[in-house]
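Work through the exercises below with the structure open. Try each task before reading its solution.

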Amino acid sequence: MPHPKTAIVWFRRDLRLTDNPALAAALARCERVIPVYLQAPEEEQPWQPGGAARWWLHHSLTALAAELEQRGSRLIVAGGASLQTLRRLIQSTGATECHWNRLYEPATVERDTRVKQALREDGLHCESHNASSLFEPWTVKTAAGEPYRVFSPYWRRCMQQLTEQPNPAAAPELAPEVLPRVPAEVDSRTIASLGLLPSIPWDGGLAETWQPGERGALARLDAFLSGPLAGYSEGRERPAEHGTSMLSPHLHWGEIGPRQVLAAVGDSRFDAGAVGPEHFIRELGWREFSIQMLFHFRDTPLVPLDPKFADFPWRTDNADALLLAWQRGRTGIPIVDAGMRQLWHTGWMHNRVRMIVASLLTKNLRLPWQEGARWFWDTLVDADLASNTQGWQWAAGSGADAAPYFRIFNPVLQGERFDKEGDYVRRWCPELAKLPKKIIHQPWMAKSGLLEQVGVRLGRNYPAPVVDLRQTRAEALAAFEQLKQRADAG
Ligand SMILES: Cc1cc2nc3c(=O)[nH]c(=O)nc-3n(C[C@H](O)[C@H](O)[C@H](O)COP(=O)(O)OP(=O)(O)OC[C@H]3O[C@@H](n4cnc5c(N)ncnc54)[C@H](O)[C@@H]3O)c2cc1C
């Protein structure tokens, strides 16, 4: 009896069944569909997922496997080099097609191009699709045909495209209700055998905070739409509140796609005075911008986009101790420590606080932005090579649309402005919880009597500041001036 026409669907960071074009195409063209996840760590060097991301992946794969099973299918998990493993599966299942959704990190693009070419040479119908971006990185160009390096004109051009055909934000497709059965003889490893979970359990805070998987993503979206969205423009700047969507890890892992988010936010963005939805969509635009920047400027995860920053005089004295204090949330600067502890506990940090901690690291501590990016990479559940690179280069002043170098955040003023009541600091630095709001962002300025009264002993149960903010600001400005003069002379 001839084989039923069979397709492999290679799941990567598109861990959902709704609006998944690779899955939809395979179902439309073939009677049998084999959903596959492959682990090939050597192909992800040097950007293998960090500890928090691996935790997420374990749970997200588990959720995907359950969704597939509910519909009569099964997730096949395998390890080894992607091309060889796909070929082995193709041979054992008699597949004649292979579908996947595109990713845009340079090393992945290279790998996927190689795999696609090889499978096509083997005679397979091999096709990639777009699930993870509204505007694919090669589709938005300046009049001169160059990639944009500045966000505002980029986003204006994108918004124009939304009114053109084919509309990149076309209505998302529904999840299939039933799926074809995967033959019992197709072998699978267990998800647990991928070894993604930590061997020492440090992940309690992650489990408290998140529900990885498509259902968790849709629940987050619903909660955001019915709550914070309307007041997003102001709410997004207050880290003590749940004013943002917290969709970033779900978007990173493709448990929800940007088309779905855009459609759900929908027409509310055209309501008179509805600045929240408009602003929120613009933030999604930063995600798109980051994807296109990394696609076109491949070295930027390690190399400054602005070449003059290659010679920046980073600090050499006491650098290891300062980096450790920053990582551990023990700099003695409350808003920074609160952010770094939120990151460690939950795998996520509020955007405003990401900017503050990044400014302190690169400017006051004068430590390389790559060190910060690496730490974020290991600890964020939403660690994303494009957005992380863009965020860090922006903070350091070396990236596209970067914060000008002389704009050095004063973390005390930032705290007083965006955490007025001090509640964010109280939540994450409980040793400071009894300090009144007028002093909570700079406890070193408090009278010793007050500190004693509320049980704060600087240098004992909470660190004294590891640097003098005013002096290090002046030093950073001098370092920048030096850099500028050298560049002007050269
Ligand atoms: C130093 C630094 C590092 C960062 N690293 C990452 C990272 O590794 N992964 C990541 O997803 N984001 C990163 N960001 C961007 C931003 O902080 C997060 O996307 C945001 O905090 C996620 O929270 P949210 O989902 O509640 O955002 P919302 O405010 O609800 O925004 C909605 C979505 O828009 C996107 N978005 C919002 N702001 C940005 C931005 N500035 N750049 C790119 N996309 C954005 C995200 O996908 C987000 O989920 C970084 C920012 C900085 C300053």
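**Exercise 1. A helix pair**

At roughly what angle do the axes of helix α3 and α4 cross, and within what distance do they come? Note that this is a predicted model.

Solution. 
- Find α3 at residues 82-93. Find α4 at residues 106-121.
- The two axes come within 10 Å and cross at roughly 35 degrees.
- Next, the hand. The crossing of α3 and α4 is right-handed.
- Now list the contact residues. Helix α3 gives Ser82, Leu83 and Leu86. Helix α4 gives Arg111, Val115, Ala118 and Leu119.
- Sort them by class. The contact of α3 with α4 has five nonpolar residues, one polar and one charged.

**Exercise 2. The span of α4**

Check whether the end-to-end distance of α4 agrees with its number of residues.

Solution. 
- Helix α4 has 16 residues.
- The expected span is 1.5 Å times one less than the number of residues.
- Then look just after α4. Glycine 123 takes a positive phi there, of about 100 degrees.

**Exercise 3. Domains 2 and 3**

Describe how domain 2 meets domain 3.

Solution. 
- Start from the domain assignment. Domain 1 covers 6-131, domain 2 covers 133-171 + 214-296, and domain 3 covers 307-489.
- Take the centres of domain 2 and domain 3 over C-alpha atoms. They are 27 Å apart.
- Count the contacts. In domain 2, 17 residues touch 21 residues of domain 3.
- Ask which elements supply the domain 2 side. Helices α9 (248-252) and α11 (275-296) each give two or more residues.
- The largest share of that side, five residues, comes from α11.
- By class, the side of domain 2 that touches domain 3 has nine nonpolar, four polar and four charged residues.

**Exercise 4. The ligand shell**

Where does the ligand lie relative to domain 2 and domain 3, and why?

Solution. 
- Count the shell. The ligand is surrounded by 28 residues.
- The closest are Thr244, Ser245, Asn351, Asn388 and Gly391.
- Helix α16 gives the largest share, six residues.
- Sort the shell by class: 12 nonpolar, 10 polar and six charged residues.
- Now conclude. Domain 2 and domain 3 both give residues to the shell, so the ligand lies between them.

**Exercise 5. Two backbone details**

Which residues does the cis peptide bond join, and where is asparagine 318 placed?

Solution. 
- The cis peptide bond joins glutamine 45 and proline 46, with omega about -5 degrees.
- Proline 46 is in the loop between β2 (32-39) and α2 (51-70).
- Asparagine 318 is in the loop between α11 and α12 (319-328).
- Phi of asparagine 318 is near 60 degrees. That is a positive value in a residue other than glycine.

Key
Residues are numbered from 1 along each chain as its sequence is written. This is a predicted model: local features need pLDDT of at least 70, side-chain atom pairs count only at pLDDT 80 or more; totals for chains, interfaces and linings use all residues. Helices (H or I, at least four residues) and strands (E, at least two) are DSSP runs, numbered from the N terminus. Domain bounds come from an automatic or database domain assignment. Two residues are in contact if their C-beta atoms, placed from the backbone, lie within 7 Å. Ala, Val, Leu, Ile, Met, Phe, Trp, Tyr, Cys and Pro count as nonpolar, Asp, Glu, Lys and Arg as charged, and the others, Gly among them, as polar. Axes are lines fitted to C-alpha atoms, for helices over the stretch in contact, and angles run from 0 to 180 degrees between N-to-C directions. A crossing is left-handed if the near helix is turned anticlockwise from the far one by less than a right angle, and right-handed if clockwise. A residue is near a molecule or strand if its C-beta atom, placed from the backbone, lies within 6 Å of it.
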